[in-house]
Amino acid sequence: RGRYDIVQFGKDFCDFDASIHTGEMNWLNNYPWAGERILACGNRWGKTLTASVKLRHHLLYQARRAKYAHITYDYRCLALSMTVPMARLAFDEAFYGGLNHPLYHQFMVEDECRAGLGNPQPIMVVGQSGHGRDSCRSELWARSTVKGARFLLGTHFDFMDYDEASRDVQGKKLREEVLLMRLADREGRIDYTSTGNGKNWYWELFMEGRKDETHGRYYSQTGQVYENPTLPKEFIEELASKMSAGMREQNIYGGFADVGVFFSHDALQDCYAGVDYPFPQEPKKKHRYVMSGDYARKMDKTVILVADIDTTPAQLVFAEEMEKVDYPDQFERTAEIYRTFNNAPLLADETAMGGDMVVQLLGLQYGVNVTGLQVGGTQKSKEALLIAGQRALMGRKIIWPYVPQLRELYDQLAFYTIEDKNIATDWVMSFCLLAEQLQRTLYREPDIIQIFEPLVGSIRRDWETGRVYIPGLSEKQIPTEMDSIT
């Protein structure tokens with residue numbers, strides 16, 4: 001039964017249980033022979049699980065059109081994404097799920113599988129050993145689209161799963177010039193699985209599926225997070241309450257929304273396009289690093305970021321998120337990260353803690369080289385910090401790979417608006433602090449000058465004009481000589 005019913009196969013070979021929801025069942029079984037199937041779903045909907053089940057099914061049954069059924073010795077599937085770690089999400093679920101299942105395990109050729117975490121080109125083999133024409137052999141590859149997906153050239157595939165395709169800046173070109181050509185020999189099929197990313201090429205492709213009433217060529221489906229029965233409704237609603245309307249439309253309801261306007265969407269995508277290195281990275285002995293920390297305890301999350309500044313551009317190499325953790329534990333963890341990354345100087349937002357508490361505790365008690373910044377002191381200081389992040393993106397001064405650990409960074413930057421009172425901004429602020437610290441460390445000239453002085457408050461230089469700014473005094477009341485303040 002499982003040959004023609006992937007959901008049934010999942011129950012027999014993948015330990016599918018009652019938690020599989022209607023949306024997943026529809027995606028697995030609806031119009032399976034459409035050449036291009038496009039899924040737009042919310043975050044945590046279940047696309048990785050369904051992709052892994054379908055990949056395992058196709059490897060075992062060699063699902064293809066009947067006129068190619070005699071080519072049993074050469075069947076190939078592909079788990080594809082912008083980076084190998086992203087491609088490995090479905091690959092690892094398929095490989096280790098198969099390895100640990102008593103039935104499916106019998107069909108795997110373990111000696112020819114290359115699935116170690118350090119392997120840049122993982123392969124899973126199902127069927128028989130060897131490449132003889134009398135054999136029955138299927139392969140699953142995990143590959144990235146970096147460098148124009150050149151690793152795929154010269155190879156044909158019967159089925160592909162392209163994860164987070166909407167986030168791939170070069171996705172449209174890859175689809176037309178590489179992917180469909182790799183599928184042409186066997187009339188292969190491709191599933192695009194992704195959360196929406198504005199009205200870009202992926203949205204245009206999704207709309208083709210909406211227009212194709214016969215679904216001979218295209219099939220499109222949406223998926224809401226509410227469909228996933230393993231996620232409590234209260235948990236989903238708490239997440240949604242901290243999102244902007246656009247972010248909520250895409251990440252919860254599986255729709256497409258216009259992205260924010262503060263950070264350039266094109267610039268943001270350029271910072272991860274074609275970037276593929278291991279994340280997080282181990283520190284290198286002679287490299288210099290910078291750190292940022294946006295601290296919180298009750299409502300928001302604390303986010304700590306680290307960048308390697310001895311690369312050009314600087315590379316984001318570490319990120320950690322803490323929620324509802326007491327300050328002493330946060331500071332102890334910060335000090336540990338600080339020492340791990342060669343005493344990386346830290347720029348921290350201390351607005352939530354009042355005054356210079358960060359400097360006093362982290363600096364004096366934990367020995368961290370830290371500078372505190374009252375980001376929320378005035379709207380002007382906050383905007384100046386945001387502009388530091390904006391310029392870092394526009395100038396591609398910091399890059400990072402598109403990996404699961406950094407998805408929240410991308411989403412918050414993509415949907416950020418200056419009216420941010422009711423949305424999560426912890427990753428945005430930590431990134432902007434990192435950009436500011438990068439500027440201070442490399443160029444020795446801070447984008448924001450801030451001096452704590454009890455009598456006059458917080459003194460800053462206007463980021464655009466260069467004029468000194470003192471809260472409570474008009475520009476005319478500040479002596480011109482103070483423009484040279486250092």
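Modeller: Proline 280 lies in the loop between helix H10 (265–270) and strand S8 (289–294). Helices here are DSSP runs of H or I with at least four residues, strands are E runs with at least two, and both are numbered from the N terminus. Before you ask: this is a predicted model, where local features need pLDDT of at least 70, side-chain atom pairs count only at pLDDT 80 or more, and totals for chains, interfaces and linings use all residues. Residues are numbered from 1 along each chain as its sequence is written, and side-chain values use heavy atoms, with hydrogens and water left out.

Colleague: What is omega for the cis peptide bond at proline 280?

Modeller: That proline sits in the H10–S8 loop. The cis bond joins it to phenylalanine 279, and omega is about -5°.

Colleague: And which residue is joined to proline 313 by a cis peptide bond?

Modeller: Proline 313 is in the loop between strand S9 (301–308) and strand S10 (314–323). Omega is about -5° there, and the partner is threonine 312.

Colleague: Is histidine 215 buried or exposed?

Modeller: Look in the loop between helix H7 (201–211) and strand S7 (218–223). Histidine 215 has a positive phi, near 60°, without being a glycine. Buried means under 20% relative accessible area, exposed over 50%, and partly exposed in between (1.4 Å probe, protein chains only). Histidine 215 has 15%, so it is buried.

Colleague: Lysine 324 has a positive phi too; is it buried or exposed?

Modeller: Lysine 324 is in the loop between S10 and helix H11 (327–340), with phi near 55°. Its relative accessibility is 58%, so lysine 324 counts as exposed.

Colleague: How far apart are the end C-alpha atoms of H11?

Modeller: The expected span is 1.5 Å times one less than the number of residues. H11 has 14 residues, so it should span 20 Å, and the model agrees: the end C-alpha atoms are 20 Å apart, that is, 20 Å.

Colleague: What arc do the buried residues of H11 cover around the axis?

Modeller: The buried residues are Tyr327, Gln330, Phe331, Thr334, Ala335, Ile337 and Tyr338. They sit on the same side of H11 because their arc is only 165°. The arc is taken from the directions from the helix axis to the C-beta atoms. An α-helix has 3.6 residues a turn, so residues three or four places apart point the same way. So the arc asked for is 165°.
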